[in-house]
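This report walks through one protein model. It starts with the fold and ends with single residues.

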Amino acid sequence: MIKKLTALFLTVIMVMSICPIQAAADSNVPIISVHNKYAAPGQDVEIEIGIENNTGILGSVLTLEYSDKLTLIEATEGEAFSELILTLPGVLTSPCNFIWDGQSTPSEKDGTILKLKFSVDENAAANEKLAINLSYLDRDIVDGDLNPISPVVQNGYVTVIHYTPGDVNGDGAITPVDITLLRRYRAGGYGVTINEDAADVNDDGYI
């Protein structure tokens with residue numbers, strides 16, 4: 001009985017010692033993400049595609065798909081893959097491929113790899129989330145030794161709003177009047193009515 005308990009105890013210790021090592025390894029997996037934004041119908045919005053935990057990428061193919069209520073009007077490279085050559089798709093329609101390749105020096109920078117400028121459909125509904133998705137196939141992304149790597153992809157969206165953040169009185173412009181109204185609203189007793197969604201300019205749930 002004592003031998004069995006000892007064996008069980010040693011097994012638990014081994015598992016506990018292995019788990020932190022596995023967690024540390026997982027934390028080094030590259031993450032490619034779409035940064036979410038807000039935009040009004042008919043408005044242009046710039047979306048950044050970023051990378052974290054870049055372990056070294058020499059070649060990459062990313063397929064972009066997006067909502068039919070978005071129109072991709074411009075795409076430019078970011079600084080994170082500056083060592084690589086970017087080949088843009090010939091037509092910026094969904095789906096389309098963005099290809100990076102290098103000769104010998106892999107990119108190891110974190111940051112923005114791609115900037116996308118979209119136009120939002122004028123008929124997009126308020127609070128609608130317009131999807132922006134990335135994907136890749138096996139061996140589409142390789143390291144400096146041409147070994148395939150598998151980054152985690154975090155897709156995103158544009159949330160449609162029918163107001164401009166900061167324009168608390170809804171007159172179409174952000175002016176000192178908005179600041180005064182916001183102060184009076186927070187102070188209380190002025191009978192001020194504002195657009196509370198527009199007043200939460202950093203979207204943290206508080207004014």
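## Model and confidence

This is a predicted model: local features need pLDDT of at least 70, side-chain atom pairs count only at pLDDT 80 or more, and totals for chains, interfaces and linings use all residues. Residues are numbered from 1 along each chain as its sequence is written, and side-chain values use heavy atoms, with hydrogens and water left out.

The average pLDDT of the protein chain is 89, and 87% of the residues score at least 70. Here pLDDT is the predictor's confidence in each residue, from 0 to 100. Contact means heavy atoms within 4.5 Å.

## Overall make-up

The protein chain holds 3 helices and 11 strands. These are DSSP runs, numbered from the N terminus: helices are H or I with at least four residues, strands E with at least two. Along the sequence the pattern reads α-β-β-β-β-β-β-β-β-β-β-β-α-α.

Of the 207 residues in the protein chain, 33% are buried. Buried means under 20% relative accessible area, exposed over 50%, and partly exposed in between (1.4 Å probe, protein chains only). Among contacts with a separation of 6 or more, 71% link residues 24 or more positions apart.

An open sheet of 5 strands runs in the order 5-8-3-1-10, with mixed pairing. Strands pair if DSSP finds at least two bridges between them. Strand 5 (70-77) and strand 10 (152-154) stand at the edges; each has a single partner strand, so one side of each lacks a neighbour in the sheet. From one strand to the next, the twist averages 20 degrees. Axes are lines fitted to C-alpha atoms, for helices over the stretch in contact, and angles run from 0 to 180 degrees between N-to-C directions.

Strand 3 (residues 44-52) and strand 8 (residues 111-120) run antiparallel, joined by 8 bridges. I51 faces G111 of strand 8 across this pairing.

## Strand 11 and its partners

Strand 11 (residues 156-160) has 4 of its 5 residues buried, so the rest of the structure largely encloses it. Strand 2 (residues 37-39) runs parallel to strand 11 over 3 bridges. Y38 stands opposite T159 there. Strand 9 (residues 129-135) pairs with strand 11 in the antiparallel sense, over 4 bridges. L130 has V158 of strand 11 as its bridge partner.

## Two buried residues

L116 lies in strand 8. It is buried, at a relative accessible area of 0%. I47 is 69 residues away in sequence, yet the two C-alpha atoms are 5.1 Å apart. Beyond four places in sequence, L116 touches residues including I47, L64, L72 and F98.

T63 sits in strand 4 (residues 59-66). At 19% relative accessibility, T63 counts as buried. Its side chain makes a polar contact of 2.6 Å with that of N97. A polar contact is a pair of N or O atoms within 3.5 Å; within protein, one must be able to donate a hydrogen and the other to accept it, and residues adjacent in sequence count only if both atoms are side-chain atoms. Beyond four places in sequence, T63 also touches residues including P95, N133 and S135.

## Helix 2

Helix 2 (residues 176-187) has 12 residues and should span 16 Å at 1.5 Å a residue; its end C-alpha atoms are 17 Å apart, which agrees. The expected span is 1.5 Å times one less than the number of residues.
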